[in-house]
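Open the model in your viewer and keep the selection panel at hand.

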Protein chains: 2
Amino acid sequence: MAKRNAFYAQSGGVTAVINATACGVIETARKHKQRIGTVFAGRNGILGALREELIDTGKESAASIAALRHTPSGAFGSCRHKLKPMADDPREYERLISVFKAHDIGYFFYNGGGDSQDTANKVAVAGARLDYPVTCIGIPKTVDNDLPFTDTCPGFGSVAKYVAVSVREAALDVASMCESSTKVFIMEVMGRHAGWIAAAGALAQVDGKGPPHIILFPEIPFDRDKFLAKVKASVAKDGYCVVVVSEGTSYADGTFLADAGTKDAFGHTQLGGVAPTIAAMVKDSLGYKYHWAVADYLQRAARHIASATDVEQAYAVGKAAVEFALAGKNSVMPIIVRKRAKPYRWEIDAAPLSKIANVEKTVPRSFISKDGFGITKKAREYLQPLIAGEDYPPYENGVPKYARLKNVLAKKKLPPFR
Amino acid sequence: MAKRNAFYAQSGGVTAVINATACGVIETARKHKQRIGTVFAGRNGILGALREELIDTGKESAASIAALRHTPSGAFGSCRHKLKPMADDPREYERLISVFKAHDIGYFFYNGGGDSQDTANKVAVAGARLDYPVTCIGIPKTVDNDLPFTDTCPGFGSVAKYVAVSVREAALDVASMCESSTKVFIMEVMGRHAGWIAAAGALAQVDGKGPPHIILFPEIPFDRDKFLAKVKASVAKDGYCVVVVSEGTSYADGTFLADAGTKDAFGHTQLGGVAPTIAAMVKDSLGYKYHWAVADYLQRAARHIASATDVEQAYAVGKAAVEFALAGKNSVMPIIVRKRAKPYRWEIDAAPLSKIANVEKTVPRSFISKDGFGITKKAREYLQPLIAGEDYPPYENGVPKYARLKNVLAKKKLPPFR
C-alpha cells in the first residue's frame, strides 16, 4: 500500500495523559515509516486542520516525543470547536478534506470525548462522499469517564488518583483540626453530568471506612435536609465531616447547586462553585466552621500524581489507533476491555464510532450506596485498579521537567479558510 | 541528671511535615532513654495538657513512629486554642504546670508558629515562678514562613513545592485551551499576611520566564486597573494569563479582596475566596473565559509532593529540640541557618524564644519585582533550594499509606480542669 501522511488532533478539555496518547500515536507511526510518512498534529486541535496550521511532528526529536509520555495537557493545543452538522453546513468538512488532500493525509486520528468520536465518524463519511477516502480513528480521552464500551477513558484514572490522594490528605488535616476549629471540609471535583470523579473520592477511605463521609453525585438529586442531617451525624460520630461534591450536583428540578445563588451584593454574577454554596449551607444551618477547596484544572493536569495504569492505557490506545489504521480498520475507536478484575487485566479492542456518539455513561445506581452518599463494593472493585501504580515524571529544580516541543508548522498550500 | 518525661504538642494549622518533626522528637528521645522517660503527646495540642489527655507515645512501635516522617497533618491532633496572657488569667499556666508535675514532665516541646513560641516562653516563666522548673523548647512550624531568624519554617517548602508544581501543570492546561476557551486561570493560595506561598508560584516558571504572569501579594496593595491592564497585556502577548493570588491580598485601605463582596442573592454571607472575586473582575471588565482553583487544605496536606529538603529540615528541628533540651538549653527554638546558597547548605542553631514572639517576617520589597506582580532574582535564589528534592510516601492500592497511631491516653491523675 502507498505511503500516506497522518493527522492527529487533540480535542476538548485536556488531561494529565492525553500527551501519552500522542506519544503512542507518533512513536508507533515512526515504527511504520514505509506506510506512514509525516504525522501532522493540529495546532489547537481541529482548528489546526481548518486553518491549515499543521505541526510537523517529524521536526521533534525522539527524546521530545518520548517526554510527551510524562507531560500533562495538550502539547499541540486543544480546542472546544465543534463542527456543525454536515447537513447544516458541509463547508468545514469540505475544508478538512481539502487540507487532507493538499498534504496527502490518509489517516485521521481524533483524540477526544463523545463529540470528537462523532466528528471522526462524520469525517470518514465526508471523505467517502468527496471521493477522498480517509481512514478515521477516534481515540478516547475524557476525565469524565463517560464514553460507552470502553472499561475506562484515559485521563480518568489519573484524576481519580489525584482526588483519592487529595481527599485522604485533606481528611487527615481536618481530623487534626476539628476539636477546636474546622469541622467540615468540602472538596469540589469535576463531572458535570457523570459522578465518576466524585465516586473516586471514596478510594481515599482506609479499608472502605472513614472519610469522605459524604459524596454528592450528579446522578442523585440533592436533598438539603438529608444532606445536612448526614453532616451533623458525621460530626457527632467522628468529630468532623469530609464532603466530596461533583460540580454537577443538582436539585430534583435539575438546577445546579452552583447556579442556585446568582448575584452578589453588587449585582455581579456569582461565580462561586458548588463547594462554597454547600459551605454556606452548612454554616447557615449548622454553624460549623468549614473549609472548602476547588481543584479545578489542578485535578486534570496533575501529571505528578498520575496513575501508572492510566498512563499505560493512554499510550496503548494511541498505539492501537495507528495499528488499527494500518490493519485497514476505519471509523473505529480503540477501547479498553477488562479481562479480569483482580488482578486487573485488560486488552485493547475496537468499537465502531457510529455506536459511540451521543451515548453518555453515567454512574449506575448499583454503584451508589443506598443512602446516595457513598459507593458500593461493586463500584470500589471497578475503580480500584484504575488508580493503581505511580508514574512519576523527572524533576529539575524541584519541579517536573515537562516536554517543550518546537511545534514547527508545515508550509501552507491552500488559501485561508473563510 | 534525673530521668524526666517529656510533653510534645502540635499547635495551629497542620502541615505536610509537622509529623516529621514529631518523628524527630520521639526518635531522638528514644535514643536517650537514660534521660528522657515517656514522651507524652498532647491530644489536640495544648488542650491535651489542660485536659490531662496525654497520649503515651511509648505505646507506638518504632515502625509507626518512623512512618510519621511521611505522614501529613497532626497525628496527635492540633488546636487553635491560645492561652490567655498570664497577667489576665494565670489559671491555664498553673494547670499546665500541675499536669506536668503529676506526670513528672521536665521537658515541654511546643511545635507551632509565632504564638506557640510565645506560649512556650511563658510556660518556662510560669514553671520557674511556681517552683517547678521545666525546660521549654519551641519548634518552628508554619506554612506561612513568617517566623524570624530561621532561614525557613518547616512546612513552607512543601507548600511552596505543591504550588510551584500545580501552577506549572495548570499553566500547561490553560495554554492548551486558550485559543478557543479559557484565557485566564486564577489560583488562590494561603498566606493571610505574608506572600511567601504566592511567591513560590514563580518557581513554576521555566528559566524564570513564562507563567505565572501575575502574582498578587498581601504586601502589595491591590490596584484593580493596573491588574486588569496586566491581564490584558499577558493575554495579548501569550494568549493566556495565569494568576497566583494570596488569600490575604487587599486594597490599599486594608480591605481583603475576599471580603469585598459580602452577600449573595439570598442575603447569605458570600463565602467565596479571593480567586472567584478576581475571576468576576476579569470577566466583568475584560470578558475573558476564566477558571479558578482554591487549593485550601490540599496545599498544606500534600505530603505526596513534599519537598525532600523540607522533610529533612522538619525532622532536624525535632531532633535538635531534644538535643538542645538535653544540653541544658531552655526557652529557645531551633532555627535553620543558611550557610551557603548554591549548593544549599544549612545547619541548625538556637534562637531565644523571647525574641521570636510577635515578629512576623513578610516578603521584603526587594524580593518583589518593581511592578509588584512577580519576584526578583534574589527571591528566586532564596526560594529555589527550599523545594528541592522529592520524598515520596509509600503507596498501597494507589494511595499513600500513612501512619495510623493507636493514640493511647495515659491514666489521669488529676481532677478535671474547669
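Select B:Phe7 and B:Phe108: B:Phe7 stands opposite B:Phe108, which lies in strand E4 of chain B. This is a predicted model, in which local features need pLDDT of at least 70, side-chain atom pairs count only at pLDDT 80 or more, and totals for chains, interfaces and linings use all residues. Residues are numbered from 1 along each chain as its sequence is written, while chains are lettered from A and ligands numbered from 1 in the order in which they are written.

Strands (E, at least two residues) and helices (H or I, at least four) are DSSP runs numbered from the N terminus, and two strands pair if DSSP finds at least two bridges between them.

Stay on E1(B), residues 4–10, where six of the seven residues are buried. Buried means that 20 or more other C-beta atoms, placed from the backbone, lie within 10 Å of the residue's own.

Helix H1(B), residues 18–30, carries the chain from E1(B) to E2(B) in a right-handed β-α-β crossover; with the strands pointing away from the viewer, the path from the first strand over the helix to the second runs clockwise.

Move to chain A and select residues 332–340 (E10) and 345–352 (E11), which run antiparallel with eight bridges between them. Four residues form the hairpin that joins E10(A) to E11(A). A:Val337 has A:Glu347 in E11(A) as its bridge partner.

Next, colour chain A by domain: domain 1 covers 4–142 + 306–357 + 391–400, and domain 2 covers 156–301. These bounds come from an automatic or database domain assignment. Taken over C-alpha atoms, the domain centres are 34 Å apart. Eleven residues of domain 1 and six residues of domain 2 make the contact, a contact being two residues whose C-beta atoms, placed from the backbone, lie within 7 Å.

Finally, show both chains. What rotation superposes chain A on chain B? It is 180 degrees, with 0.0 Å of shift along its axis and an RMSD of 0.0 Å, by least squares on the C-alpha atoms of residues with pLDDT of at least 70 in both copies. That is the relation of a two-fold axis. Of the interface residues of chain A, 100% are also interface residues in chain B, so the copies meet through the same surface.

Note on methods:
A residue is buried if 20 or more other C-beta atoms lie within 10 Å of its own, exposed if 12 or fewer, and partly exposed in between; C-beta atoms are placed from the backbone.
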